[in-house]
Each structure stands twice: as structure tokens, then as C-alpha cells.
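Have the model open beside you as you read.

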Amino acid sequence: MFLFSGAFFPVDNLPVGLQVLAWISPLYHGVELARMAALGAWTSPAWLHLGYLAALSAVGVWWSVRRLTRRLVA
Amino acid sequence: MVLSSVALRRDVTSRSHPGGGPSAMVYRNIKHYRRAWLWFVTGFAEPVLYLFSIGVGVGALVPGFVFHGETIAYAAFVAPAMLAASAMNGAIYDSTFQIFFKLKFLKTYDAVLATPMTTSDVARGEVAWAVTRSAIYSAFFLLVMLVMGLVGSWWALLALPATVLVGLCFSGVGMALTTFMRSWQDFEYVQLAIVPMFLFSATFFPVTTYDPAVRWIVELTPLYRSVVLVRELCVGVVTVESAISVVYLVALGTAGMAVVSRRLDRLLLR
């Protein structure tokens, strides 16, 4: 994730298959947001990245609460 | 009675692995890894991923790259360095973490020394195994380079024996340092040494980038010496720097092994 999420070189340079994987990776969206904010050049829709990260966080929280409840309570 | 049981044990040892001595240690490790092959593969993957990411990915952003007066692809500059790093990784895992675990927790060597094996057999055997693992990593990495067209000369045939020297150096020194470690926390020092070496030993950019004040420090590190040797062989421009590297790697590796033998005597026989 660290090496192929657009941190070192643009994701566009990757083969299409890996581009899809990069899109799935949350780090890619973080890198995009941080870079666009730092450069002040909003080249791709920020709400999309934010939305993806928020959705992933929500799923993560829901899933961990569920799993922990199963292991510790139920 | 005692004599005959010793003779019997010798016989058993020699039958299961004809070489006896150090080769028995290697044999033990081969059997161990038959069941733990996944660890073997993950250690190899790291430099390969770096080659693809930095070498190929970032390489696409670097137009022409001049090395010793020759224009080469940036990936061809990074690849030999990753080959050296691959050899380093292969040697480090089994000469540091594994040794500590066997020494302190598994008590493998206490068991080994109850047989006719000596501490010197253990030291030589473990280094031989670490070098073997390192050579296997290197061979596969060379294959990856060949397939990607990143090998520039027939000199590269010598890169494999060169990586054996890299393995010898890192396993000797790594194991020597491991004999001084007290707890797992001490292994943070290994990471603290390996990661900066990996990033700054002229792996991703030439050493001439550095200020002379810093440069000599970089040039003293074992990975830098390894990278110089392997890179000159892979690109096919061999200079006196390679000869210096060979002497350096052999000297450090041998010194490491001597320390290991002495330390094992103190730790295990006392």
C-alpha cells in the first residue's frame, strides 16, 4: 500500500489492474487529499475521497464493535 | 561404555547428514523451513516491491540517468541495489531474530551441544545457512532482473557470487551482534540500522548527492559497499571500488564469525 498508493509516483503510471487496487486502498485517498491541500490544486473531487474514507471508517467501526461484542459479550 | 555411546552418536550423526559438523546445522534449518516456507517468501517480496515501485514507477519520471559515464534506465540503477538488499534481508533474518530465539527460548544449541557438535560447528553452520538463504533470494532476484531486462552485462554472472559475500558479511556481523542482545527490545537496534542503510546507501540515488562530510559515513556502511560491488557487476563497469568492497565484505564477515564462535563458547559452555 505504502509503495503503490501514489505516494512516490502518479497512480496513472500503474497498469490498469493495479490502478483499481490503488483506488481501493484508503492510503491513496489520504495521499490525494493531503497533496491537493498542500499544493492548493484541487484536481480531483475532494468529496469523493472524503466520502470513501468516511464510509470505510464507518464500516470499520461497525465491524469491530460487532466482532468485539461477539467475542466478549454474547 | 561412555566411549561406545559417543562412537554410536557419531555414527548416527554421520548417517543422517554425511558432512556432520556445520552441515548438520544447515540440515536442521532446511527441515525447519519446509514447514515455514511463507516466512521465506515474504522476506524476498520486499525488495521486489521496491524495485517495481521506485525503480519502475518513479523511474518513469526520470528520463536519462548517467552512471560511470553510461546512460542507463533508472530502474537499472535501482535494481542491483535491491539485489544487494535482497541478499542482506536473506542473511539478516536467520542470523538475528532466529538465532536469538534458538539461543534464549528454544534452547536449540544446548541440545545441539549435547551431541559431538562444537560451538564452532554451530557458528559455521548457522552462517552457512544464512548465506544459503541469502543466495536463494539473490538468485531469484537476479532472475526477476533478467526477465525485466535490467541486466546490462555478462559481468552480472559474477553478481551471484558477489551476493554470497554480502550474505557472509551481514550474517557474520548480525549473528555476532545478536549474541550480545538481552531482550527483544534490543532488536529495535537492528531495524534502526537496517532501514536507514536500505534508504541511504546509494540505493535510490548516487552517493555523489551527499555532502563530503556525510558521504564518508555512507561509504563505510556494509550495504553501501555491497551496492557498489553488485551494481558495478550488473551494469558492467567494474572499477577498483569493487575490489575494495570484496576485501571489506570478507573481512567483516570473517571477523563476525570469529566473534560468534567466542561468544557462543561463553554463553553456552562457560
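Q: What are B:Asp94 and B:Arg133 called, buried or exposed?
A: In this predicted model, B:Asp94 and B:Arg133 are both buried. That label means each has under 20% relative accessible area.

Q: What makes the contact between the side chains of B:Asp94 and B:Arg133 a salt bridge?
A: Their N to O distance is 3.1 Å. The cut-off is within 4 Å, from a side-chain nitrogen of Lys or Arg to a carboxyl oxygen of Asp or Glu, so the pair of B:Asp94 and B:Arg133 qualifies as a salt bridge. This pair links distant parts of the chain, with B:Asp94 in helix H4 (residues 74-95) of chain B and B:Arg133 in helix H7 (residues 119-147), 39 residues apart.

Q: How do you know that B:Lys102 forms a salt bridge with B:Glu126?
A: Here the closest N and O atoms are 2.9 Å apart, and the limit is 4 Å, so B:Lys102 and B:Glu126 count as a salt bridge. B:Lys102 sits in helix H5 (residues 97-106) of chain B and B:Glu126 in helix H7, so the pair ties together parts that are 24 residues apart in sequence. Both B:Lys102 and B:Glu126 are buried, too.

Q: Why does B:Asp186 count as buried?
A: B:Asp186 has 9% relative accessibility. Buried means under 20%, so B:Asp186 gets that label.

Q: And what about B:Arg182, buried or exposed?
A: B:Arg182 comes out at 64% relative accessibility. Exposed means over 50%, so B:Arg182 counts as exposed. B:Asp186 and B:Arg182 form a salt bridge, with their closest N and O atoms 3.2 Å apart.

Q: How many salt bridges does a search of the whole structure find?
A: Over all chains, the search finds six. As a general point, side chains of opposite charge can pair when their charged atoms come close. Chain B carries 20 positive and 14 negative side chains, and the centres of the two sets lie 12 Å apart.

Q: What is the secondary structure of chain B?
A: Chain B has twelve helices and two strands. Reading from the N terminus, the order is α-α-α-β-β-α-α-α-α-α-α-α-α-α.

Conventions
Residues are numbered from 1 along each chain as its sequence is written. Chains are lettered from A and ligands numbered from 1 in the order in which they are written. This is a predicted model: local features need pLDDT of at least 70, side-chain atom pairs count only at pLDDT 80 or more; totals for chains, interfaces and linings use all residues. Side-chain values use heavy atoms; hydrogens and water are left out. Helices (H or I, at least four residues) and strands (E, at least two) are DSSP runs, numbered from the N terminus. Lys and Arg count as positive and Asp and Glu as negative; His and the chain ends are not counted. The place of a charge is taken as NZ of Lys, CZ of Arg, CG of Asp or CD of Glu. Buried means under 20% relative accessible area, exposed over 50%, partly exposed in between (1.4 Å probe, protein chains only).
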